[in-house]
Amino acid sequence: MSVDNSGKAADPLAGAELPSNINAMSETLEDYTLRFAPRSYRKWGPAVVATSALGGIAYLADFAIGANIGIANGTGNALWGILIFAVVIVLTGYPLAYYAARYNIDLDLITRGSGFGYYGSVLTNVIFASFTFIFFALEGSIMAQGLKLGLHIPLWLGYLISSVMVIPLVIYGMKTLATLQVWTTPLWLVMMVLPFLYLVIKHPDAIGDFLAFSGGTDAQGGHGVSFAGTMLAAGVCLSLIAQIAEQIDYLRFMPPKTPENSRRWWTAVITAGPGWVFFGAIKQIVGLFLAVYLIMNFADEAGVANEPVQQFLAVYEEFMPHWLAMTLAVILVVISQIKINVTNAYSGSLAWTNSFTRVTKTYPGRLFFVFFNVAIALVLMEANMFSFLNNILNFYANIAIAWIVVVASDIAINKYLLKISPKVPEFRRGMLYNFNPVGFISVILAGGLSILIYFHAFGDAIQPYSPLFALILGLVLPPIIALATKGKYYLRRTDDGIDLPMFDEHGNPADDKLMCCVTGIEFERPDMLMSAKPGPNGEKQYISSLALSCDKTGEHVLPAQK
């Protein structure tokens, strides 16, 4: 059903600054940068969405992370740290993935209504954007290492190549990314899995060396299993906790959940949502296994045992000529880098655009922030971030854990257990308060305190446990603050002025359409609300969340309900 109360769009640019050319508007509508992803666009089946989402975790950073934490802390501590990492990701990732797939919104929109408010979630957008350029730089560094090893390209030029090559792919948004991920994933799996299986079968004694490895770049080592060592390893791994936001950038395009597709829908959501961590954990373990193999068997290569291209080159050379091994190792690195960095660049551009538009009420176009995000990553690469990788990831993990755990806590505890937070997520301007202390203060306290602990502000003894403090505080602060404030800062309004139902008979967001009085374009019901400005004849007008985000005058924003 389509509803247009005014018969035509009234005053197309009144009170809102929107893209003035068709291409910009088309890009805005296709990628749904600032808003709900409508049913009319979500034409992919659950399996395609899941495969696309999982294609984005083809990164080789896990191999480097696994190698680094094992070399620094020993296999025992690394394995326990990876286990803690996996458990935390599953428990926090499930509610976020479900909300994204069920309500077709990204993590920024989920965060707004889960304790942060309309402007409060700008803080978490910056946290997420930081994740995308940190890991873009990490993957770009790995690719540059491969180009240097295989083609003798200088690192600085390799960094530039790895940055620029993904931009054309990101420009075309979700449709291109889905095609890329689906077609490249089988090749990536074959190139990664088969050589590892060959190594295990041919050198079974390598398993014993791996399990006995106690750390260091020689066979001596000296790290025993300890809680401090385990938490140091877990802290590095948990820097990946924000990966769920990138998974959600795909999961928001899930089709409606119906009785007919329920099993496939749930399988896709769980596998591509929190389930990504099982693939990530396996890659980290394999990365450490390959690093130990290099340390034990190739003394000259011990110093580069944490570089994925060196790891796979050593394995490939077990059963093929050097020239072919080198070629395949470089190809694997390039494919992996492209698969993840198109996602990093895409998700980062969404995060920056969300933040910029909300603060300035101006939409410069998502593509502007594609270049911006890639430029920051390039600076990190040229600064040789790979050489101090553990320090960067340990630091970042504290604030990332605080954000994700706070949102998960609000959903699981405040929405479902205490029933203080509204169960249906709200993201539209005017319906929310600008700031909600529940999530906003929780992240600042949990993240800030854990960062102080990481920098030894409270002594050396508890420094390794900074991620644990971020996790515990992120879990308990939201319900405490929500109870203290009686949940009164969640909703500024409960009535959006539209009489049409928000959901269909199966609980999916409805697909009824309304005309936006600012843009003259029809949007689906969950993306709309009544404008505070009546039409020329005093009739009701409706406005999209996109147009309302750019409303500088505020004349379309509905007043707060008493």
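Accessible areas here come from the Shrake-Rupley method with a 1.4 Å probe, and for residues only the protein chains shown count as cover. By that method the accessible surface of the chain comes to about 20600 Å², of which 68% belongs to carbon and sulfur atoms.

This is a predicted model: local features need pLDDT of at least 70, side-chain atom pairs count only at pLDDT 80 or more, and totals for chains, interfaces and linings use all residues. Residues are numbered from 1 along each chain as its sequence is written, and side-chain values use heavy atoms, with hydrogens and water left out.

The secondary structure comes to 21 helices and 5 strands. Helices (H or I, at least four residues) and strands (E, at least two) are DSSP runs, numbered from the N terminus.

| Chain property | Value |
|---|---|
| Buried residues | 62% of 562 residues |
| Contacts joining residues at least 24 apart, among those between residues at least 6 apart in sequence | 82% |

Buried means under 20% relative accessible area, exposed over 50%, and partly exposed in between (1.4 Å probe, protein chains only). Contact means heavy atoms within 4.5 Å.

Where does helix α15 sit? Helix α15 covers residues 308-316.

Helix α9 spans residues 173-202 and holds V190. V190 is partly exposed, with a relative accessible area of 44%.
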